[in-house]
Amino acid sequence: MREEKQTFVEMLIGIVLSTIVITVLGAFFASNILSYVLGTLLGGCFAAIVLVMLYRSIEKALMLDEENASKHTTKTAIFRLIIMCIALMAGILFPGILNVVGVFLGLMSLKFCAYLQPSVHKVLALKNIDKGR
(Lines give C-alpha, C1' and ligand atoms only; values in the text may rest on other atoms or scores of the structure.)
Protein backbone atom coordinates (compact mmCIF):
# COMPACT_ATOMS: atom_id res chain seq x y z
CA MET A 1 0.00 0.00 0.00
CA ARG A 2 1.28 3.45 -0.88
CA GLU A 3 2.46 5.47 2.10
CA GLU A 4 -0.11 8.25 1.67
CA LYS A 5 -2.93 5.73 1.33
CA GLN A 6 -1.75 3.99 4.50
CA THR A 7 -1.69 7.32 6.35
CA PHE A 8 -5.23 8.00 5.10
CA VAL A 9 -6.43 4.63 6.41
CA GLU A 10 -4.68 5.22 9.73
CA MET A 11 -6.38 8.60 10.04
CA LEU A 12 -9.77 7.02 9.31
CA ILE A 13 -9.09 4.52 12.09
CA GLY A 14 -8.19 7.48 14.33
CA ILE A 15 -11.50 9.18 13.52
CA VAL A 16 -13.42 6.03 14.41
CA LEU A 17 -11.49 5.51 17.65
CA SER A 18 -11.71 9.13 18.78
CA THR A 19 -15.43 9.31 17.91
CA ILE A 20 -16.07 6.19 20.00
CA VAL A 21 -14.11 7.62 22.96
CA ILE A 22 -15.82 11.02 22.69
CA THR A 23 -19.24 9.35 22.47
CA VAL A 24 -18.72 7.04 25.44
CA LEU A 25 -17.12 9.64 27.72
CA GLY A 26 -19.54 12.41 26.83
CA ALA A 27 -22.60 10.20 27.28
CA PHE A 28 -21.92 10.20 31.03
CA PHE A 29 -22.29 13.99 31.15
CA ALA A 30 -25.02 14.59 28.55
CA SER A 31 -28.53 15.41 29.71
CA ASN A 32 -30.05 13.83 26.58
CA ILE A 33 -27.85 10.82 25.86
CA LEU A 34 -29.52 9.85 22.58
CA SER A 35 -29.14 13.32 21.02
CA TYR A 36 -25.53 13.50 22.20
CA VAL A 37 -24.71 10.09 20.71
CA LEU A 38 -26.45 10.96 17.44
CA GLY A 39 -24.61 14.30 17.35
CA THR A 40 -21.18 12.76 17.86
CA LEU A 41 -21.90 10.06 15.29
CA LEU A 42 -23.04 12.65 12.75
CA GLY A 43 -19.97 14.77 13.48
CA GLY A 44 -17.71 11.71 13.17
CA CYS A 45 -19.29 10.75 9.84
CA PHE A 46 -18.85 14.28 8.53
CA ALA A 47 -15.23 14.26 9.78
CA ALA A 48 -14.62 11.08 7.76
CA ILE A 49 -16.25 12.65 4.69
CA VAL A 50 -14.05 15.74 5.07
CA LEU A 51 -10.96 13.51 5.38
CA VAL A 52 -11.88 11.67 2.16
CA MET A 53 -12.40 15.00 0.40
CA LEU A 54 -9.04 16.25 1.71
CA TYR A 55 -7.26 13.11 0.50
CA ARG A 56 -8.78 13.37 -2.97
CA SER A 57 -8.04 17.09 -3.12
CA ILE A 58 -4.38 16.54 -2.30
CA GLU A 59 -4.09 13.75 -4.86
CA LYS A 60 -5.57 15.94 -7.59
CA ALA A 61 -3.53 19.02 -6.59
CA LEU A 62 -0.32 17.04 -6.94
CA MET A 63 -1.16 16.38 -10.58
CA LEU A 64 -1.82 20.05 -11.39
CA ASP A 65 0.60 22.85 -12.10
CA GLU A 66 1.35 25.27 -9.25
CA GLU A 67 -1.22 27.95 -10.11
CA ASN A 68 -4.09 25.55 -10.74
CA ALA A 69 -3.16 23.49 -7.68
CA SER A 70 -3.37 26.60 -5.52
CA LYS A 71 -6.79 27.48 -6.92
CA HIS A 72 -7.99 23.90 -6.52
CA THR A 73 -6.86 23.58 -2.90
CA THR A 74 -8.44 26.93 -1.98
CA LYS A 75 -11.73 25.94 -3.61
CA THR A 76 -11.83 22.52 -1.94
CA ALA A 77 -10.84 23.98 1.46
CA ILE A 78 -13.82 26.35 1.29
CA PHE A 79 -16.08 23.46 0.27
CA ARG A 80 -14.86 21.35 3.21
CA LEU A 81 -15.53 24.25 5.56
CA ILE A 82 -19.07 24.54 4.17
CA ILE A 83 -19.59 20.81 4.75
CA MET A 84 -18.54 21.18 8.40
CA CYS A 85 -20.84 24.20 8.80
CA ILE A 86 -23.74 22.15 7.42
CA ALA A 87 -23.13 19.52 10.11
CA LEU A 88 -23.04 22.19 12.83
CA MET A 89 -26.19 23.83 11.45
CA ALA A 90 -27.97 20.48 11.63
CA GLY A 91 -27.11 20.34 15.32
CA ILE A 92 -28.36 23.90 15.82
CA LEU A 93 -31.58 23.43 13.82
CA PHE A 94 -32.53 20.07 15.36
CA PRO A 95 -31.59 20.36 19.05
CA GLY A 96 -34.03 17.66 20.13
CA ILE A 97 -32.43 15.13 17.77
CA LEU A 98 -28.80 16.26 17.59
CA ASN A 99 -26.68 17.78 20.33
CA VAL A 100 -24.63 20.60 18.79
CA VAL A 101 -21.78 20.02 21.26
CA GLY A 102 -21.75 16.37 20.21
CA VAL A 103 -21.66 17.35 16.53
CA PHE A 104 -18.79 19.75 17.23
CA LEU A 105 -16.81 17.13 19.17
CA GLY A 106 -17.48 14.57 16.43
CA LEU A 107 -16.11 17.01 13.86
CA MET A 108 -13.09 17.59 16.09
CA SER A 109 -12.29 13.88 15.80
CA LEU A 110 -10.68 14.90 12.50
CA LYS A 111 -8.23 17.01 14.50
CA PHE A 112 -7.75 14.31 17.13
CA CYS A 113 -7.01 11.69 14.47
CA ALA A 114 -4.07 13.78 13.26
CA TYR A 115 -2.53 13.39 16.73
CA LEU A 116 -3.49 9.70 16.94
CA GLN A 117 -2.10 8.76 13.51
CA PRO A 118 1.51 8.14 14.64
CA SER A 119 0.27 5.86 17.44
CA VAL A 120 -2.08 3.99 15.10
CA HIS A 121 0.80 3.63 12.64
CA LYS A 122 3.05 2.09 15.33
CA VAL A 123 0.35 -0.37 16.40
CA LEU A 124 -0.38 -1.43 12.82
CA ALA A 125 3.34 -1.69 12.05
CA LEU A 126 3.87 -3.95 15.07
CA LYS A 127 0.89 -6.06 14.02
CA ASN A 128 2.37 -6.46 10.52
CA ILE A 129 5.80 -7.38 11.96
CA ASP A 130 4.20 -10.05 14.15
CA LYS A 131 2.48 -11.53 11.09
CA GLY A 132 5.80 -11.63 9.21
CA ARG A 133 4.95 -8.93 6.67
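Guide: Gladly, and please keep in mind that this is a predicted model. The protein chain exposes about 8,600 Å², and carbon and sulfur atoms supply 72% of that area.

Visitor: Which residues make up the nonpolar surface patch?

Guide: A patch of about 830 Å² is made by Leu 34, Leu 38, Met 89, Ile 92, Leu 93, Phe 94, Ile 97, Val 100 and Val 101. The elements that give two or more residues to this nonpolar patch are H2, H3 and helix H4, which covers 100–130, and H3 gives the most, with three residues.

Visitor: Where does Phe 94 sit?

Guide: Phe 94 is placed in the loop between H3 and H4, and because its relative accessibility is 44%, Phe 94 counts as partly exposed.

Visitor: Let me step back to the fold. How many helices and strands does the protein chain have?

Guide: The protein chain has four helices and zero strands, so that, read from the N terminus on, its elements run α-α-α-α. The C-alpha trace spans about 45 × 45 × 15 Å along its principal axes.

Visitor: And how much of the chain is buried?

Guide: Of the 133 residues of the protein chain, 32% count as buried. As for the contacts between residues at least 6 apart in sequence, 71% of them join residues at least 24 apart.

Visitor: Which residues touch the most other members of the largest nonpolar core?

Guide: That core has 16 residues, and Ile 15, Leu 51 and Leu 110 are the ones that touch the most other members. H1, H2, H3 and H4 each supply at least two residues of this core, while H2 gives the most, with five residues.

Visitor: What does Leu 110 touch?

Guide: Leaving aside residues up to four places away in sequence, Leu 110 touches Ile 15, Ala 47, Val 50 and Leu 51.

Visitor: On to H3, then. How far does H3 reach from its first C-alpha to its last?

Guide: H3 has 28 residues and reaches 40 Å from its first C-alpha to its last, which is close to the 40 Å expected at 1.5 Å a residue.

Visitor: Which residues of H3 are buried?

Guide: The buried residues of H3 are Ala 69, His 72, Thr 76, Arg 80, Ile 83, Ala 87, Ala 90 and Gly 91.

Visitor: Now the charges. How many salt bridges does a search of the whole structure find?

Guide: The search finds three salt bridges. As background, side chains of opposite charge can pair when their charged atoms come close.

Visitor: Which residues are linked in a network of salt bridges?

Guide: The network links Arg 2, Glu 4 and Glu 59. The side chains of Arg 2 and Glu 4 meet at 2.5 Å, N to O, and those of Arg 2 and Glu 59 meet at 2.7 Å, again N to O.

Visitor: Why do Arg 2, Glu 4 and Glu 59 count as partly exposed?

Guide: Arg 2 counts as partly exposed because its relative accessible area is 47%, and Glu 4 because its relative accessible area is 40%. Glu 59 counts as partly exposed because its relative accessibility is 28%, and the category itself runs between the buried cut-off of under 20% and the exposed cut-off of over 50%.

Visitor: What does Glu 67 form a salt bridge with?

Guide: Glu 67 forms a salt bridge with Lys 71, and the closest N and O atoms are 3.3 Å apart. Both residues lie in helix H3 (residues 66–93), four residues apart, which is about one turn of the helix. An α-helix has 3.6 residues a turn, so residues three or four places apart point the same way.

Visitor: Are Glu 67 and Lys 71 buried or exposed?

Guide: Both Glu 67 and Lys 71 are exposed.

How values were computed: Residues are numbered from 1 along each chain as its sequence is written. This is a predicted model: local features need pLDDT of at least 70, side-chain atom pairs count only at pLDDT 80 or more; totals for chains, interfaces and linings use all residues. Side-chain values use heavy atoms; hydrogens and water are left out. A salt bridge is a side-chain nitrogen of Lys or Arg within 4 Å of a carboxyl oxygen of Asp or Glu. Buried means under 20% relative accessible area, exposed over 50%, partly exposed in between (1.4 Å probe, protein chains only). Patches are made of residues with over 30% relative accessible area and no salt bridge: like charges are joined within 9 Å, nonpolar side chains (Val, Leu, Ile, Met, Phe, Trp, Tyr) within 5 Å. Accessible areas come from the Shrake-Rupley method with a 1.4 Å probe; for residues, only the protein chains shown count as cover. A nonpolar core is a set of buried Ala, Val, Leu, Ile, Met, Phe, Trp, Tyr and Cys residues joined through side-chain atoms within 4.5 Å. Contact means heavy atoms within 4.5 Å. The expected span of a helix is 1.5 Å times one less than its number of residues.
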